[in-house]
Amino acid sequence: MNNEAQAPRVSVATAWLDGCSGCHMSLLDIDQRLVELAQKVDIVYSPLVDAKTLPARVDVGILEGSVSTDDDLHKARLFRERCTILVSLGDCAVNGNVPAMRNLFKLTDVMDRAYRENVNIHPVVPVVGVPALLPTVRPVHACVPVDVFVPGCPPSADAIWYVLCELIAGRTPQPGTLTRFGA
Amino acid sequence: MALPTTPPGARVVTLEIDGRDLSARDNESIIEVCRENGIAIPSLCYLDGLSVWGACRLCMVEINGQERLYSACSTRVAEGMKVSTGNERLARYRRTIVELLLAERNHVCSVCVSNGHCELQTLAQRCGVDHVRVPYRQARYAVDSSHPSFRLDHNRCVLCSRCVRVCDEIEGAHTWDVMGRGADCLVISDLNRPWGESETCTGCGKCVQVCPTGALVKQGTSVGEMVKDRHFLPILARRRDAR
């Protein structure tokens, strides 16, 4: 057994708040490097794995999406509480991006538009089994402190790979040259 | 703001920029000398070929022995001047300026027609703006699509006034002006009439070409406008069959 295999594995949790999942897709786009990643990290909670609860302590937490609902806010706070390093992944998490464009309208108008005006059978605003929308969509760092920002819509697989490698190596990534808003 | 004119036959001065000894004509601005010598200074309102405006404050530099900062676009070089174009303090100011611009109006790069061709987007990356620390204003501005060829989206405007200057100084039409103060400040065509009704606009599109962001764009460049027109097909096919 080599030293690398004996090195403690980094625990990683990811969550998908108000986003399109494109950032998670971009993570999967690291292709064959996923094998290398799987040898270095334990993904303990994520839409990509089965685990249903966030462990009490996690090394790296990665949030995709903006904070748009009470459930998003709860998840963001829980991640901040339990993760040593919190990463804002992608433009929605970093600046609100497309989800935040509803901020230009009143929430009631948005709901009416989606569930009443464009519906011709049983127009009703869903309240059961879905989280309540917050009046204003905010980036993650407007709700809880964030350690690493990775802008991009989505950030490229190479940018995400670089960020993960730096975090695994115990360094603070500076992905500024690899990604940008909208990239 | 035009720099005071100097008599022909400018003198040559020597100065130091970022520790490099350089020579320049004494009628040149600091930013001109920097660009000639490959020294990068960020700017938005400055554009070679237009008069100097000095509004964006991104090109602020330090001059040795002076307490306050100077805008490199509107400050002439002088003999013995020692200029610093980049340090921690300047980087902090520039980053803050770009963050305030991003927070002021709607700059959602991912859905902008200028994504990948925007100077504000590039500046944000260059200045290390990986997030905006101030709250977004979430203000809604108008979009003027009345012109047959071009569109003005105030949401993307950074008020650099390049459009105003190119229209006045190069095209000679002076269709554009600036109206209002603070957050209400807008570029306007004629006396705040819809662009499509402008009697002075020549439709040359110079304003669109100098705009650093997606505020002034050609019509037909947004995703929703990419509509195919296949009316010709049944008409031509029928005529061919009839022959």
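Student: Which residue stands opposite Ile63(B) in S5(B)?

Tutor: In this predicted model, the residue of S5(B) that stands opposite Ile63(B) is Val83(B).

Student: How do you know that S3(B) and strand S5 (residues 82–84) of chain B pair?

Tutor: Two strands count as paired if there are at least two bridges between them, and S3(B) and S5(B) have two bridges, in the antiparallel sense, so they meet the cut-off and are called a pair.

Student: What makes strand S3 (residues 60–63) and strand S4 (residues 70–71) of chain B a pair?

Tutor: These strands are joined in the antiparallel sense over two bridges, and because at least two are required, S3(B) and S4(B) pair as well. Val61(B) has Tyr70(B) as its bridge partner in S4(B), and in the hairpin of these strands, with six residues between them, Gly65(B) takes a positive phi near 90 degrees.

Student: Why are strand S2 (41–45) and strand S7 (148–150) of chain A called edge strands?

Tutor: The open sheet of chain A has five strands in the order S2-S1-S3-S5-S7, with parallel pairing, and S2(A) and S7(A) are its edge strands, since each pairs on one side only. From one strand to the next the twist averages 25 degrees.

Student: How do you know that strand S3 (residues 58–64) and strand S5 (residues 83–89) of chain A pair?

Tutor: The requirement is at least two bridges, and S3(A) and S5(A) have six in the parallel sense, so they are a pair; Val60(A) stands opposite Ile85(A) in S5(A).

Terms used: Residues numbered from 1 in each chain as written. Chains lettered and ligands numbered in written order. Predicted model: local features only at pLDDT ≥ 70, side-chain atom pairs only at ≥ 80, totals over all residues. Helix = DSSP H or I, 4+ residues; strand = E, 2+ residues; numbered from the N terminus. Axes fitted to C-alpha atoms, helices over the stretch in contact; angles between N-to-C directions.
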